[in-house]
Amino acid sequence: MAMQARHETGAGTLVQRLGDTLRKAIVGGQFPPGSKLPSEAQLSEAHGVSRTVVREAIASLRADRLVEARQGAGVFVLIPSEPAPAPLLVGNVDPARVSSMIELLELRTAVEVEAAGLAALRRSPAQEEVILERHYAVRACLEAGQSTTEADFALHVAIAEATNNPRFREFLAMIGKNVIPRAALRDEDSEEDQSAYLRLIDAEHADIVEAISAGDEEAARDAMRRHLRGSQARYRALLREQRQPVR
């Protein structure tokens, strides 16, 4: 039994050594992507190990996606896969906290002002049509007394799409629809106050959409800046109201 254990341990060490040797050869370019590894018999003779050790070493390379076995053809080196890009994260954001919303609105302003300008320059007729449809969808929600959050976010995404630079859309997808300011900034806001607020948002959207449709880059930037800075100002007013006097 002890002899068998020592044999298994030795075989395991041989598999690891051969696997490491072949990995180094692949990474070092001795076996470039697409090339075929030597046969089992050739590797067995070259490294002085049994074919079983070779098969197990190759299996470890396959598990690491370094090689693949092709039926009747042999074992081939794979093209290294690109590492997945690290996700962009916005951490510690609480939509219920006024300060978090102000921070995100400042970030959105830095990105979306430029997006509006690029959309005015680059939008296709089809993209312009989508922007108009999204704008009218927000207005329809207003008139029906429904939540505008989804439609509002869709409008901003449509503008980002019209830059024809996918990073703008990815940015909005990263921060999500929770960055759209709430209609009722204060719990005690009356229905009339909320309605007035939403009409103001609709007018600001109209300015942005009209400037993009007209191809006016600077007007589109200015309109988006007014829109997002207006939201910042409304949240800052709320933040001041929430502060308790020091006693």
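Visitor: How many bridges join strand S1 to strand S2, and do they run parallel or antiparallel?

Guide: Two strands pair if DSSP finds at least two bridges between them. Here 4 bridges join S1 (residues 67-70) to S2 (residues 74-77), and the strands run antiparallel. Val 67 stands opposite Val 77, and Ala 69 stands opposite Val 75. The hairpin has 3 residues between the strands, and Gly 72 takes a positive phi near 75° there. Please note that this is a predicted model, in which local features need pLDDT of at least 70, side-chain atom pairs count only at pLDDT 80 or more, and totals for chains, interfaces and linings use all residues. Residues are numbered from 1 along each chain as its sequence is written, and side-chain values use heavy atoms, with hydrogens and water left out.

Visitor: What does the secondary structure of the protein chain come to?

Guide: Helices (H or I, at least four residues) and strands (E, at least two) are DSSP runs, numbered from the N terminus. The protein chain has 9 helices and 2 strands. From the N terminus on, the elements run α-α-α-β-β-α-α-α-α-α-α.

Visitor: Where is Phe 76 placed, and is this residue buried or exposed?

Guide: Buried means under 20% relative accessible area, exposed over 50%, and partly exposed in between (1.4 Å probe, protein chains only). Phe 76 is placed in strand S2 and counts as buried because its relative accessibility is 13%. Contact means heavy atoms within 4.5 Å. Not counting residues up to four places away in sequence, Phe 76 touches Gly 34, Ser 35, Lys 36, Leu 66, Val 67, Glu 68 and Arg 70. Phe 76 and Leu 37 are 39 residues apart in sequence, with 5.9 Å from C-alpha to C-alpha.

Visitor: Which residue lies over the face of Phe 76?

Guide: A charge sits over a ring if NZ of Lys or CZ of Arg is within 6 Å of the ring centre and within 35 degrees of the ring normal. In this model Arg 70 lies over the face of Phe 76, at 4.1 Å from the ring centre.

Visitor: How far does helix H6 reach from its first C-alpha to its last?

Guide: The expected span of a helix is 1.5 Å times one less than its number of residues. Helix H6 (residues 149-161) has 13 residues and reaches 18 Å, close to the 18 Å expected. The buried residues of H6 are Ala 151, Asp 152, Phe 153, Leu 155, His 156, Ala 158, Ile 159 and Ala 160.

Visitor: What does Thr 148 touch, leaving out residues up to four places away in sequence?

Guide: Thr 148 touches Val 138, Cys 141, Leu 142 and Leu 198. Thr 148 sits in the loop between H5 and H6, and is buried because its relative accessibility is 11%. Thr 148 and Ala 137 are 11 residues apart in sequence and 8.6 Å apart in space, C-alpha to C-alpha.

Visitor: Why does Glu 128 count as buried?

Guide: Glu 128 counts as buried because its relative accessibility is 19%. Glu 128 lies in helix H5 (residues 125-144). Leaving aside neighbours within four places in sequence, Glu 128 is in contact with Arg 123 and Ser 213.

Visitor: What percentage of the residues of the protein chain count as buried?

Guide: Of the 247 residues, 36% count as buried. Among contacts between residues at least 6 apart in sequence, 69% join residues at least 24 apart.
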